[in-house]
Amino acid sequence: MKHCRKVERSIQEVVSVYKQIHSLPQPTLLRDQHYQYLKKGLRHLSDAYECLDASRPWLCYWILHSLELLEEPVPTAIASDVCKFLAQCQSPTGGFAGGPCQAAHLAPTYAAVNALCIIGTQEAYNIIDREKLLSFLFSVKQPDGSFVMHIGGEVDVRSTYCAASVASLTNIMTPTLFQDTPTWIVSCQNWEGGLGGVPGLEAHGGYTFCGMAALVILGKEHMLDLKSLLRWVASRQMRYEGGFQGRCNKLVDGCYSFWQAGLLPLLHRALFKGGDSTLSLQKWMFEQQALQEYILLCCQNPAGGLLDKPGKSRDFYHTCYCLSGLSVAQHFGNMDLHHELIVGREENRLAPSHPVYNICPEKVAQAIQHFHQLPVPVPAQKEVSSACNTTADHS
Amino acid sequence: MTECQALKKLHMYPQNCRMRGGARKGSKKSPKLIMKTRSVICFTVTDVYDYFRALLKNDEKSDRAFTLTAEAIELNAANYTVWHYRRVLLQALEKDLREEMRYITAIIEDQPKNYQVWHHRRMVVEWLNDPSEELEFIAEILSQDAKNYHAWQHRQWVLKEYKLWDSELEYVEQLLEEDVRNNSAWNQRHYVISHTTGYSDPSILNREVQYSLKQIKKAPHNESVWNYLKGILQDRGLSSHPGLLEQILELKETHCSPYLLGFLVDIYEDSLENTSGDQVEVLSKALELCELLAQERDTIRREYWSYVGRSLQTKYCSGDPSTTSSAPETDRGSASVSVHQETTCNS
């Protein structure tokens, strides 16, 4: 740990002790409660989760990522069981499905690969059939550069992020795989400055994150109008609540703590790469303290788990993204710089998360290091020449 | 039940079947009769999925398989594998697509925030090549939730695919009448105009500017309309629209908001970028506004407005007279396309 960070943290501790002595209300992250909620969820889910029966790798990712943010280790036996389960979700034709014996889909594929990278063992990495995964990605690629979410499924910008994320982590990117994809993503940026799900739609935090992160992976983030995007996302922070809304004139929601606030590290890096010398060296371009306060004071269930807003019920999706947003708000980093701003006690500190993949940076580095030792699979000739497929339903 | 067992059971029953009863969620534990046709008996939720997987594996294309997809969908409408198989069966069995439209209509009414149901409807509409019910149906869904993202996505597809633009602007105006803060409606306004007349025609652009200013006067703290105004003018240059700055400065006295102030910053920034001559005054005003927004009027965006101020300062070099003379002359008529020129700055 660098000396300056140690000093910062000791100062933080002094300040928070001072506040405790002087009885100022201290928002507290309910670590133990969240841990119990997550630990239980990994093994057993109530009937209420039947609606997510086609999203089970998501549950693995949301829970594992939440645990890694809380810096709670996953017992080896459980990690191995998760690996075996995800192996059952892998489709014989490549990619991962929402559950065993279901069809492959880009969203659970993204989640499964992330979950396996969080586990980070050889067993986990070896689950992924890279050749078949590449085939799957080609099979959902469209002539206009977009991707459908699954064979016979819908197109929207989420698919490009899911595809770019797994392809880059597992080192299966080929020259044609993402042909025309950046242009398509850019066409999703609208008059508001944010991105919609497909060209023409209203700017929306979830889709904007997916589009921007995908372009960052593909090295094409400068194709966007970054200034407009920055104005749009900065305007999504609610002046009273402190949290973020997903779209203009809609309500705050804890999950946008990640989808929206998470755009600012990406924009910061993009602007810096573009030669901007006026960027802050300490803070993201949103009110970090206010976001942390919103999450800690309004988004925690006292029995564990996090949520959208007061009055809503907890779930693992919100737990993951509220914690991810809390981490973004706590950690500023730009190349070698790291500056922390922890609201409340030092114990509220979460691990930093990688702004593109939303798993811990060490896990990203480790996965990339592992998979880059392996050769990029050679796609079948017909995959390369067409680099596309029709959207028509076929069995 | 294993796949093997399910296959065996299926083999024993005849192919034709009729629906009786419905599946119930959460009934994994207690074996209740939740679906009985002449060829398939499902006592539990697990049974439904076990049978489904067996049918899928066998690639069975039968009526009982079709019936089973409805059961599985009722248990979890997000099961995209089941929806895909249902579509395969719709085609293989040459099912009545009108009936399917009735089916999907009911499902969407019940679960309007699900990806699969809207995609399924789109496929059926495409196969029928009949969008005649769509605009009315989507309007009905939007009447329950005027911002349903899936509904808007489907609507935009229908409009574009079947060129049904005629009444859409009227529909948008009706929605804005009901709620001028409906950002989805403002987006739709932009969508319709972009795909019909476009914004190049000055009379159209002016109509939209006037419409926006009217809405601003009615509800000054509505961010959507300010974003719309900027959105339609930014490509042509905010500072080049005749009389706009004056109108905004006038509004500032009676209808001020952080959005108005931000809009002024945008006008001044555009002016700095695209106008020749002495811009020291303009820069100074822009910086003053950024400071005002950061410190007082829009403090939640303090970091952002400070950055904007710093950027403007660095780019237009406040207090360095030598740079303004090095900026190339750009001639800006109201209809000309702007030519972006970087000013160099010795700082």
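Q: Hi! How many residues of chain A are in contact with chain B, and how many of chain B with chain A?
A: Hello! In this predicted model, 63 residues of chain A touch 58 residues of chain B.

Q: And what area do the two chains bury between them?
A: About 5000 Å² is buried between chain A and chain B, with 48% of it on carbon and sulfur atoms.

Q: Which three residues of chain A supply more of that chain's buried area than any other three?
A: Those are Trp191(A), Arg231(A) and Arg239(A), which supply 18% of the area that chain A buries against chain B.

Q: How many salt bridges are there across the interface?
A: Four salt bridges are found between chain A and chain B. One pair to look at is Arg239(A) with Asp298(B), where the closest N and O atoms are 2.9 Å apart.

Q: What about the whole structure, how many salt bridges over all chains?
A: The count over all chains is 33. Among salt bridges within chain A there is one between the side chains of Arg43(A) and Asp81(A), at 2.8 Å from N to O.

Q: Where do Arg43(A) and Asp81(A) lie?
A: Arg43(A) belongs to helix α2 of chain A, residues 31–43, while Asp81(A) belongs to helix α4 of chain A, residues 76–89, so their pairing ties together parts 38 residues apart in sequence.

Q: Switching to chain B: at what angle do helices α4 and α5 pack?
A: In chain B, α4 (residues 80–92) and α5 (residues 97–110) pack at about 160 degrees, and their axes are 12 Å apart. The two helices, α4(B) and α5(B), are therefore roughly antiparallel.

Q: Is that crossing left-handed or right-handed?
A: α4(B) passes α5(B) in a right-handed crossing. On the α4(B) side the contact is made by Trp83(B), Arg86(B) and Leu90(B), and on the α5(B) side by Leu97(B), Glu100(B), Tyr103(B), Ile104(B) and Ile107(B).

Q: Now for α8 and α9 of chain B, at what angle do they cross?
A: Helix α8 (residues 149–162) and helix α9 (residues 168–178) of chain B cross at roughly 155 degrees, and their axes come within 13 Å. That makes α8(B) roughly antiparallel to α9(B).

Q: Which residues make the contact there?
A: Trp152(B), Arg155(B) and Leu159(B) of α8(B) meet Glu168(B), Tyr171(B) and Leu175(B) of α9(B). The residues of this contact of α8(B) with α9(B) are four nonpolar and two charged, with no polar ones.

Conventions
Residues are numbered from 1 along each chain as its sequence is written. Chains are lettered from A and ligands numbered from 1 in the order in which they are written. This is a predicted model: local features need pLDDT of at least 70, side-chain atom pairs count only at pLDDT 80 or more; totals for chains, interfaces and linings use all residues. Side-chain values use heavy atoms; hydrogens and water are left out. Axes are lines fitted to C-alpha atoms, for helices over the stretch in contact, and angles run from 0 to 180 degrees between N-to-C directions. Helices (H or I, at least four residues) and strands (E, at least two) are DSSP runs, numbered from the N terminus. Angles under 35 degrees count as roughly parallel, over 145 as roughly antiparallel, 65 to 115 as roughly perpendicular and the rest as oblique. A crossing is left-handed if the near helix is turned anticlockwise from the far one by less than a right angle, and right-handed if clockwise. Contact means heavy atoms within 4.5 Å. Buried area is the accessible area (1.4 Å probe) that two parts lose on being put together, summed over both. Ala, Val, Leu, Ile, Met, Phe, Trp, Tyr, Cys and Pro count as nonpolar, Asp, Glu, Lys and Arg as charged, and the others, Gly among them, as polar.
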